[in-house]
Amino acid sequence: RSCRPAARVEGTMSSTLLEQARQALEYSEAYEKAIGEQLSSKPKTTKQQVWQQHHIANLMTCIKKQSGTALEVVKDGDGSFKEELETMKGANAFGSFYESLKQTREYYMRFPNIKPQQALSLEADMECTTVFSGEEVFGKYLDLHALHERSCNMKQFGPTEYLDYLAAFSDFSKVPSGAKMGAAYAEYLKDLLDYLESFFQRAQPLVDFASISSERSTAFQEAWEKGTVPGWSAGSAGTEAASTSNTAAKRPVDMSSMHSAQDLEALGLQRLKEGLEALGMKCGGSLSDRAERLFSVKGVAQKDIPKNLLAKAAKKRKRDAAETGGDNGRAVAEREFGVGFMVEQLLDVGFMVE
């Protein structure tokens, strides 16, 4: 049985709104009692501890759903609950009662073989469907074998023994800055972070993971603005800054007053070359070629310049930025920071590596 509130099931007689709210609150009390019983027991093994937490988490989810059902009835958005209560009081109270009783009898006379609504099943509601690998031992150890194999085939890390990898998998300070902008590296970081988040939520189901994620985002934002993210300088990607230093040194051309490519030709070959290089564009060709190429991107954001107009190095930077999330390597830095942050959270709850 799933954790579903009492509802009007097709094929059965609809219960009153008051009865739905009463049943939802009754179920909530039963779930609360079951949580108390779970907390009174003392699990001895890691498996029992984790399963107990999942049982409690599942029961809390059921309480939330049942409470939501009762709350919706009490809110009475369409006024039907108030109308129902009005029929239960006053001079017509007994008349309404006997009319309802008559309808109930007639219904069950028409459907004598109808099955009663399934009773509450705490065992089914508490059932834990979380899966751990054999190496994880029900949340006691991390299982990073697959990620270790990937890292051994990446130029950023190279071949290592598994134990050496476990000792330093969250330390990216030794990764060359020039190798951090590749798509393969960004994908590896994403998968590593996803695994750590999944492991934490499976091993610690009672912890509010949303608050941890919010805390991580805030901590990264502060570190990024202060320039204290390990391996990244002053709130910007050191790699990207280094790779674009030559471009940044070039002066872009102000084309706000230029109305045609012919207007740009007056600047001369060298100035047009500098302006094209400032945008990471191809800078060869005749005077008219350079002027037409530069004028064609007037009003176009640098990140939106067509690839066929970009120089080879600029194309690679643009492709890598798109694949890694762009924003001057911020997405890569945030993933690296997230991995370190999640490892700290796991250490706080006593996880181990094997």
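Visitor: Leaving aside its neighbours within four places in sequence, which residues is E265 in contact with?
Guide: Welcome! This is a predicted model, where local features need pLDDT of at least 70 and side-chain atom pairs count only at pLDDT 80 or more, while totals for chains, interfaces and linings use all residues. Residues are numbered from 1 along each chain as its sequence is written, and side-chain values use heavy atoms, with hydrogens and water left out. With contact meaning heavy atoms within 4.5 Å, the partners of E265 are L272, L287, S288 and A291.

Visitor: Is E265 buried or exposed, or something in between?
Guide: E265 sits in helix α12 (residues 261-265); helices are DSSP runs of H or I with at least four residues, strands are runs of E with at least two, and both are numbered from the N terminus. Buried means under 20% relative accessible area, exposed over 50%, and partly exposed in between (1.4 Å probe, protein chains only). Because its relative accessibility is 24%, E265 counts as partly exposed.

Visitor: How far apart in space are E265 and E292, C-alpha to C-alpha?
Guide: Along the sequence, E265 and E292 are 27 residues apart. In space, their C-alpha to C-alpha distance is 8.8 Å.

Visitor: Which residues does Q345 touch, not counting those up to four places away in sequence?
Guide: Q345 lies in helix α16 (residues 330-348). At 15% relative accessibility, Q345 counts as buried. Beyond its sequence neighbours, Q345 touches F200 and I212.

Visitor: What is the geometry of the W51 and F132 ring pair?
Guide: The structure holds 12 aromatic pairs, with Phe, Tyr and Trp rings (for Trp, the six-membered ring) pairing if their centres lie within 6.5 Å; planes under 30 degrees apart count as stacked, over 60 as edge-to-face and the rest as tilted. The centres of W51 and F132 are 6.3 Å apart and the planes are at 35°, so the pair is tilted.

Visitor: How many residues apart are W51 and F132?
Guide: W51 belongs to helix α2 (residues 46-75), and F132 to the loop between α5 (122-126) and β1 (141-142). W51 is partly exposed at 21%, whereas F132 is buried at 13%. The pair links distant parts of the chain, and the separation is 81 residues.

Visitor: Which residues do ring pairs link into a cluster?
Guide: F337 and F341 form a stacked pair, 6.5 Å centre to centre with 25° between the planes. Since they are 4 residues apart in helix α16, about one helical turn separates F337 and F341. Both F337 and F341 are buried. The linked cluster consists of F220, W224, W232, F337 and F341.
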